[in-house]
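Walk through this protein model with me, step by step. Keep the picture open as you read.

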Amino acid sequence: MSDKPVILVTRKLPDAVEARLKSDYEARLNPDDALYSKDELIERVQGAQGILPCHTEKFDSDMIAQLPNDVKIIANFSVGVDHCDLAAAKDKGIVVTNTPDVLSDATAEIAILLLLGAARRAGEGETLVRTRTWKDWSPSFMVGVQVTGKRLGIVGMGRVGQMVARRAKCFGMEIHYHNRSRLAPDLEDGAIYHNNLEDMLPLCQFLSLNCPNTPETAGMLNAGVISQLPDGAVVINTARGGVVDDDALIGALASGKLAAAGLDVFNNEPDIHTGYRDLKNTFLLPHIGSATAETRDAMGFRALDNLDAYFAGREPGDRVA
Ligand code: DGY
């Protein structure tokens, strides 16, 4: 019997990450990458001291209550932790960690892809080519919104927001941001801070959502907020679907109030609001912000660093509860 801590790993992880897991822990892996139901997870976690999950597993208060008392740490393979009830974990004495920093570049790449793809109608254009329905070229064909030189408002100027800003500046965009607090000048890097979201919205020809999904931000992009954006604005979301009121966004896209939306994250993934699929002015991706080989390795190693620290009796670097 090994004296290494037992770790339940809920999804298939990159090979190098699993190799380190196997060498340092008694790892219960998921080679088939099955999505465990709540009951399966509870069954598999018996006897484990730690869990290494993704955002695909929900640790609500009921789930946390059902976890065996042996479970001491949930070391997430994600920066977002809205799938975990942090207060319930804390009450039960379970440490929760995440994986910040390492996915900022990859997620910012997808944000720029969404920004360009939505503005320049990439989804619509690709469908025309793929379905052999591209018939002609004319000056009025597939005319989109130019990105260069426009104003971009960023809601949530954390690490990903800052990386989005840096890349958007290469398109000559003027960067505005709303954040809980103003950044230091070196991090702000010329971006214009708005303490009130309402002050920024009328300026945003483009709006990028980069804030975490918390009780304060849930459903933040609602009809009232959208109405304050300029007509023809483009919205992109690489944060979480939960920060968007789907009916309001779909309504604004259908009415033409908004020119387009680029979305990588949704409420109720993967069974998203069908309204998004029915619209031509949406550019939709399946939550792939962090999906590069380098980033997925780095996320796994970061989660392992947190586990290593915990089991060595140190404070994990990325503790969120
Ligand atoms: C994250 O890390 O939060 C990504 O969205 C994947 O879960």
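Between domain 1 and domain 2, about 560 Å² of area is buried, and carbon and sulfur atoms give 37% of it. Buried area here is the accessible area (1.4 Å probe) that two parts lose on being put together, summed over both. The size of an interface is often given in this way, as the accessible area lost when the parts come together. H55, D82 and D101 supply 67% of the area that domain 1 buries against domain 2, more than any other three residues.

This is a predicted model: local features need pLDDT of at least 70, side-chain atom pairs count only at pLDDT 80 or more, and totals for chains, interfaces and linings use all residues. Residues are numbered from 1 along each chain as its sequence is written, and side-chain values use heavy atoms, with hydrogens and water left out.

Now place the domains. Domain 1 covers 6-102 + 293-311, and domain 2 covers 104-284. These bounds come from an automatic or database domain assignment. The C-alpha centres of the two domains lie 31 Å apart. Seven residues of domain 1 are in contact (heavy atoms within 4.5 Å) with six residues of domain 2.

**The sheet and its helix**

Next, find the open sheet. Five strands form it, in the order β2-β1-β3-β4-β5, with parallel pairing. β2 (26-28) and β5 (95-97) stand at the edges with a single partner strand each, so one side of each has no neighbour in the sheet. The twist averages 20° from one strand to the next. Strands are DSSP runs of E with at least two residues, helices are runs of H or I with at least four, and both are numbered from the N terminus. Two strands pair if DSSP finds at least two bridges between them. β4 (residues 73-75) is joined to β5 by three bridges. There, A75 stands opposite T97.

Helix α13 lies across β1 (6-9), β3 (50-52), β4 and β5, running at about 160° to β4. Axes are lines fitted to C-alpha atoms, for helices over the stretch in contact, and angles run from 0 to 180 degrees between N-to-C directions.

Is D318 buried or exposed? D318 is buried, with a relative accessible area of 10%. Buried means under 20%, exposed over 50%, and partly exposed in between (1.4 Å probe, protein chains only). D318 sits in the segment after α13 (293-311). Not counting residues up to four places away in sequence, D318 touches V96, T97, N98, P100, R302 and N306.
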